[in-house]
Amino acid sequence: MLARCVHCQKTFDTDRFGEQPCPHCGRQVHLADPSAPPPAPPAAAPPPVPPQATQPYGASPPGAPGVPWAAAEADAPFAERAKLGWVRAYLDTWKLACLQPSLFFRSVKVASPGKAVLFGVISMTVASWFQTLYGALMGAATRGMFQEMLKQVPQGERFQDTWVVQWMSGATAIGTVAQLIAAPFVSVVWIFIWAAIYQLFLLVLGAASRGFEATLTVVGYASGALLIGAAPVPGLANLVAGTWFIFAASIGFREAQRTTSAKAWAATSLPFLAVCLCCCAGAWMMIFGLSSLKVHGG
Amino acid sequence: MAAGRRVGRPGIPEVFALIGAASFLAARFLPLLAIHSECPFRLATGLPCATCGMTHAFVALARGDLAEAWAASPLGAGLAGGAWLYALLDLARVGLGLPWPSLPQRAWRALAVATLSAATLNWAWMLWRARMA
């Protein structure tokens, strides 16, 4: 039969179920025997064995008949950094957390969220360093643009020479160095504070059955999406990264906390609506200002 | 926040205690209010956002001015006091080798509902105050 390795995603032929090494990457994978766990009521002919994805990330979808949340939990590839190497472990985990969040968060271990936090801190720190670099390189150019734009915004003149312009147009040399040094510490605080905020909403919605560790694990691994913010498109990259994070975290909460999509999405969206209202207002004014510039410029 | 666990290695409660302690040090010793920052929501609407006044409340309370902290944001004052008290208590707990207190899920949920209610009330009060001003 044909099986797919959850770690390297490559397929291989095998003639047995259970634990076995992947011939491509050498890591242990578990092939669940579909006929083994619940003995079939009428012992007729054994069903034909379909090509199986390996456990844990290829487990049955939630709500599948007979085996709801039946997947065995496993560490993320990032937990095997010593064996795989940092880069490969990181990239494997990033792909799973950001591209296959449903499969990943359904089966990832939540008992030791430290690895997830480290993964998130690395992602956010790298993105932050790139953003700082872009800010330093483009500071002079963007400062003029933002000042011009703010003239078009209602009450925008009040923003002139404030932290908004200074921040968006890049910092001084000391500020740049300070941002680079502070990035990992800010990332740790960001992950813990947001995990606490999400946990608050999950608790209120009755959707925190697996505790804070699960929430922290989801926020940590979903923060991998924020690495997109390192792309050399300041502003847009952050918007895409933030949106991707929300998607990954929402799916992650649903799977890791064993809750419904509605509750998971509500828990992810409500804090942004409540806490980030001022950011939305700021973004709206920026967009309004940009569109005004286009009109006036065209 | 599982109940009644190990007292060995530092874990999640200790990280939050560190964040609480760091917030005190930042509020007390960094010139946070010297950083000129305007709330975009307030600038756009003339009304305070849900988190307006938090920095002022933390800084005022760190300097021992409870009245000013309360005036800036009752929730901010409560959050600052709670965070710093928690940091002290957790430090004491670790020092004494006591386990993390066991709280049932219902108690955590009640605490979460109370916190969100307090945040909502705080914003309503600040909006009302801004309207009256």
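How many helices and how many strands are there in chain B? The points below take up this question and others.

1. On the model itself: this is a predicted model, in which local features need pLDDT of at least 70 and side-chain atom pairs count only at pLDDT 80 or more, while totals for chains, interfaces and linings use all residues. Residues are numbered from 1 along each chain as its sequence is written, and chains are lettered from A and ligands numbered from 1 in the order in which they are written.

2. On chain B: it has six helices and zero strands, where helices (H or I, at least four residues) and strands (E, at least two) are DSSP runs numbered from the N terminus. The order of its elements from the N terminus is α-α-α-α-α-α, and the C-alpha trace of chain B spans about 50 × 35 × 25 Å along its principal axes. Of the 133 residues of chain B, 26% count as buried; a residue is buried if 20 or more other C-beta atoms lie within 10 Å of its own, exposed if 12 or fewer, and partly exposed in between, with C-beta atoms placed from the backbone.

3. On the two domains of chain A: the chain is divided into domain 1 (2-107) and domain 2 (114-297), with bounds that come from an automatic or database domain assignment. The contact between them takes 13 residues from domain 1 and 15 residues from domain 2, two residues being in contact if their C-beta atoms, placed from the backbone, lie within 7 Å. On the side of domain 1 that touches domain 2, α2 (86-99) and α3 (101-107) of chain A each supply at least two residues, and the largest share, five residues, comes from α2(A).

4. On helix α6 of chain A: the helix covers residues 173-204, and its 32 residues should span 46 Å at 1.5 Å a residue, which agrees with the 45 Å between its end C-alpha atoms; the expected span is 1.5 Å times one less than the number of residues. α6(A) bends by about 45° at A:Ala182, and a proline, A:Pro184, follows within four residues. The bend is the angle between axes fitted to the seven residues ending at a residue and the seven starting there. After α6(A) comes A:Gly206, whose phi is positive, near 70°.

5. On A:Arg258: this residue is found in the loop between α8 (236-256) and α9 (261-275) of chain A. Most residues other than glycine have a negative phi, but phi of A:Arg258 is positive, near 55°. A:Arg258 is partly exposed, with 16 other C-beta atoms within 10 Å.
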